[in-house]
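Me: I am new to reading protein structures, and I would like a close look at the charged side chains and how they pair up. Please take me through it slowly, with the surroundings included.

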Amino acid sequence: MICNVVVAQDTTVVRQTDTTTTRTQQKPNQKKRSGFTNPVVYSSQDSIIFKVSDNEVQTYGDGKVKYENIDLESEFIELDVVKREVFAKGMIDDSTKQMVGTPVYKDASDSFDADSMRYNFDSKQGLAFGIYTKQDEAYLHGGRTKIHNNKEIHIEHGKYTTCDEKCPHFYVEMTKGKVIVDDKIVFGPSWVVVDEIPIPLIIPFGYFPITKGRSNGIIIPTVGEETAKGYYLRNGGIYFGLGEYFDYKWLVDVYSLGSWRTSISSNYKVRYRFGGNFSFTYASLVTNEIRQTPTFNVKWTHTQIQKSPYSPNF
């Protein structure tokens with residue numbers, strides 16, 4: 001393993017290979033090599049190439065770069081010590097002909113995988129292609145992705161899904177989107193794709209909440225198949241937390257053989273006084289290609305806190 005350190009401003013470069021250490025000190029009138037304000041540590045399992053004329057360092061084979069709270073790992077990394085910029089990408093394995101060692105970026109609050117990326121440590125802006133990251137309980141894929149210094153991310157040709165596969169079985173295809181950290185994902189024209197088959201229903205715009213705790217937004221449906229009803233999108237809908245005491249949820253199930261179901265539910269609670277929930281479900285099912293009589297169900301549960309003078313339960 002080869003490990004190196006670029007020391008900020010004083011222009012001293014330290015190179016360590018196994019147990020051998022060498023130092024090179026800049027001459028008084030020689031151009032400074034590093035524009036970094038803090039030390040940069042980089043290493044490689046294979047080799048490191050110094051391109052002195054271009055002020056660049058290239059690592060091959062499980063390369064790693066650490067600067068302040070940022071860690072970057074990739075099969076190939078190119079570091080420009082003057083521009084304070086890094087480029088990383090995976091490499092094709094000679095034996096398997098598969099891409100290996102694609103970049104993995106981590107900082108104090110975020111992390112993502114990418115096919116390739118470029119990042120400037122000074123401006124804290126970057127450009128990545130083929131990103132994959134987890135946001136709250138869902139996963140986000142991005143084509144061309146811009147990283148901004150306020151931590152916002154702008155995505156072109158993205159995918160939002162609850163499937164944890166790198167090639168998800170179902171997802172919302174987004175033409176464009178913006179990730180606002182610890183808040184929401186806002187998206188433009190989109191549609192649902194199941195097993196790479198797009199459903200012909202355009203969603204003009206919307207957002208997915210990514211805050212912790214109760215939050216408003218779209219509920220992504222689960223995808224599956226039932227023998228009698230066919231393929232389905234189940235439990236997709238909208239949730240609203242309407243203040244401290246009340247919420248509202250609307251869910252829809254849709255099946256490829258014609259059945260469908262919708263439900264509305266609400267929870268309410270006043271601390272130390274009472275609480276409860278209300279739900280209404282309406283279903284129209286198809287059995288053996290015959291539509292059955294629609295069914296509905298209404299349920300209300302109310303509980304009075306026992307400290308109250310009255311304690312009826314329904």
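Reply: A residue counts as buried when its relative accessible area is under 20%, as exposed when that area is over 50%, and as partly exposed in between. Please keep in mind that this is a predicted model. By that cut-off, glutamine 304 is buried, because its relative accessibility is 16%. Glutamine 304 sits in strand β30, which covers residues 295-304, and its side chain makes a polar contact, at 3.3 Å, with the side chain of histidine 302.

For the setting as a whole, the chain has 30 strands and zero helices, and 38% of its 314 residues count as buried.

Turning now to the charged pairs, a search of the whole structure finds 11 salt bridges. One of them joins lysine 151 to aspartate 110, with the closest N and O atoms 3.5 Å apart. Lysine 151 lies in the loop between β15 (138-147) and β16 (153-161), while aspartate 110 lies in the loop between β11 (104-106) and β12 (111-113), so this pair ties together parts that are 41 residues apart in sequence. Lysine 151 is partly exposed, since its relative accessible area is 32%, and aspartate 110 also counts as partly exposed, at 22%.

A second example is the salt bridge between arginine 234 and glutamate 226, where the closest N and O atoms are 2.2 Å apart. Arginine 234 has a relative accessibility of 22% and therefore counts as partly exposed, and glutamate 226, with a value of 27%, is partly exposed too.

The side chains of arginine 261 and aspartate 253 meet in another salt bridge, at 3.2 Å from N to O. Here the two partners fall on either side of the 20% cut-off: arginine 261 is partly exposed, with a relative accessible area of 23%, whereas aspartate 253 counts as buried because its relative accessibility is 7%. Salt bridges can also be joined up, and Lys51, Asp54 and Glu56 are linked in such a network.

Finally, consider aspartate 62, an acidic residue in strand β6, which runs through residues 56-67. Aspartate 62 counts as partly exposed because its relative accessibility is 33%. Leaving aside residues up to four places away in sequence, aspartate 62 touches Ser43, Ser44, Gln45, Ser74 and Glu75. Aspartate 62 and glutamate 73 are 11 residues apart in sequence, and their C-alpha atoms are 6.8 Å apart in space.

Key
Residues are numbered from 1 along each chain as its sequence is written. This is a predicted model: local features need pLDDT of at least 70, side-chain atom pairs count only at pLDDT 80 or more; totals for chains, interfaces and linings use all residues. Side-chain values use heavy atoms; hydrogens and water are left out. Helices (H or I, at least four residues) and strands (E, at least two) are DSSP runs, numbered from the N terminus. Buried means under 20% relative accessible area, exposed over 50%, partly exposed in between (1.4 Å probe, protein chains only). Contact means heavy atoms within 4.5 Å. A polar contact is a pair of N or O atoms within 3.5 Å; within protein, one must be able to donate a hydrogen and the other to accept it, and residues adjacent in sequence count only if both atoms are side-chain atoms. A salt bridge is a side-chain nitrogen of Lys or Arg within 4 Å of a carboxyl oxygen of Asp or Glu.
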